[in-house]
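Let's work through a few exercises on charged side chains and who they pair up with. Have a look at the structure, then try each task before reading its solution.

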Amino acid sequence: MKTIYFEVSVPKILLTKLLAPLFPGVYYSPLSPVRYAELPDRPLPGENWVRVKNRLAGICGADMALFFVKAHPKISIAALPGVPRAFMGHELVGEITETGSGVKDLKPGDRVVLQKYLPCCSMKEIDPPCAPCREGNYTLCENFSENPMLPPNLGAGFGDRFTAHRSQLIRVPPSMPDEIAVMLEPAAVSLHAVLKRPPRKGERVLVIGAGIIGLNVIQFARLYGPGSRIHVLEKVPFKKARALSLGADVIIEGDPYEAAARHTGAYLYRAPLGNNTTVGGFDCVYDCVGSSRTIHDSLRWLRAGGDYMLIGNSLSPVTFDLTPLWQQELTMTGINAHGTETVGGKKMSSFEAVMKLLAAKKIKLDGFVTHRFRLNDYRKAFRTIRGGKEDILKAVLEME
């Protein structure tokens, strides 16, 4: 199994962080904790497991954070018992090549996407499952770090193949192109966020960031909030154009505080030391970046009682002013990938909901894959994305 993984080695992580300011090339060197290696194939761990040959794998923000060692040792996740290797790549489409005797609904040749990437009750075959897993919200699993532990070296999307528990996978229809299937996971994230807090008729909402997640948030916000007005804050020209094509009404230009006041009718106040704020503002903000700056500003751009949705995330602690949260009685909601939705009175996975919307032609996922790289050119892929000189929406690694 050829695969790319992040070696959870504190000395390597610290050395890379220390060297990076003086030697940026350390991320692409043997000193990096990111390894490209060939590991021996193991027999399937049990009757409910399958082997998958990867076809395409998308590079997402979490992969970028791992590759460029952005994770901070003091975040809460770092306190949980972990594994020595974190296999990279969860936006993927692959083909089943082998199934265990207990797998009756998948067969070799079926194409699948990865729904459950992190450990949960179904993968560990814990019965009864915890409350979140019972509800289909596997990303919130209470047994994430509890025994029984999963087998080592299962692999993931950044590799020629990987091993998965049947419960992790969702089959995609034969008619769906790989370029669409590989976009199901990020689209599921966006749908999950919008269904947590759909725009209401007459509301003014703001989407921060028009990358893949933000663009899909725009699509779903337009679909589920047809009477709302969608504003987008984005710096990159080609992403602004794509946002408008997918249903955005307004692109925020110029000073964002002035623009927030102008587009919402809020009062703008300026104070020394750049301490700007508004009173009044947007009804809801979908933050697809999740940096200290965007959190800080978002809370100041919301009307009293408004909703802040944290979709983008950081693997490092952030700093922002909490005052608006209590002073304006705001609500902050975090989004952890996807789970189970209620759509049309029926419960279904976020992935199933996205596929139904695609089949009904209510959303589009074509044209998002803009760059392709061979698996062994992964360093070039990460360097190109970070360079910011090309119009990239989604870069993928291809295995064939």
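A salt bridge here is a side-chain nitrogen of Lys or Arg within 4 Å of a carboxyl oxygen of Asp or Glu. The model is predicted, so local features need pLDDT of at least 70, side-chain atom pairs count only at pLDDT 80 or more, and totals for chains, interfaces and linings use all residues. Residues are numbered from 1 along each chain as its sequence is written, and side-chain values use heavy atoms, with hydrogens and water left out.

**Exercise 1.** Find out how the side chains of Glu98 and Arg51 meet, and in which strands they sit.

Solution. Start with the contact: Glu98 and Arg51 form a salt bridge, at 3.1 Å from N to O. Strands (E, at least two residues) are DSSP runs, numbered from the N terminus, as are helices (H or I, at least four).

**Exercise 2.** Is Arg51 buried or exposed?

Solution. Take the cut-offs: buried is under 20% relative accessible area, exposed is over 50%, and partly exposed is in between (1.4 Å probe, protein chains only). Arg51 has 10%, so this residue is buried.

**Exercise 3.** Which residue does Glu398 pair with in a salt bridge?

Solution. The partner is Arg372, with the closest N and O atoms 2.8 Å apart. Glu398 belongs to strand β20 (residues 394–398) and Arg372 to strand β19 (residues 369–374), so the bridge ties together parts 26 residues apart in sequence. Arg372 is partly exposed, at 37% relative accessibility.
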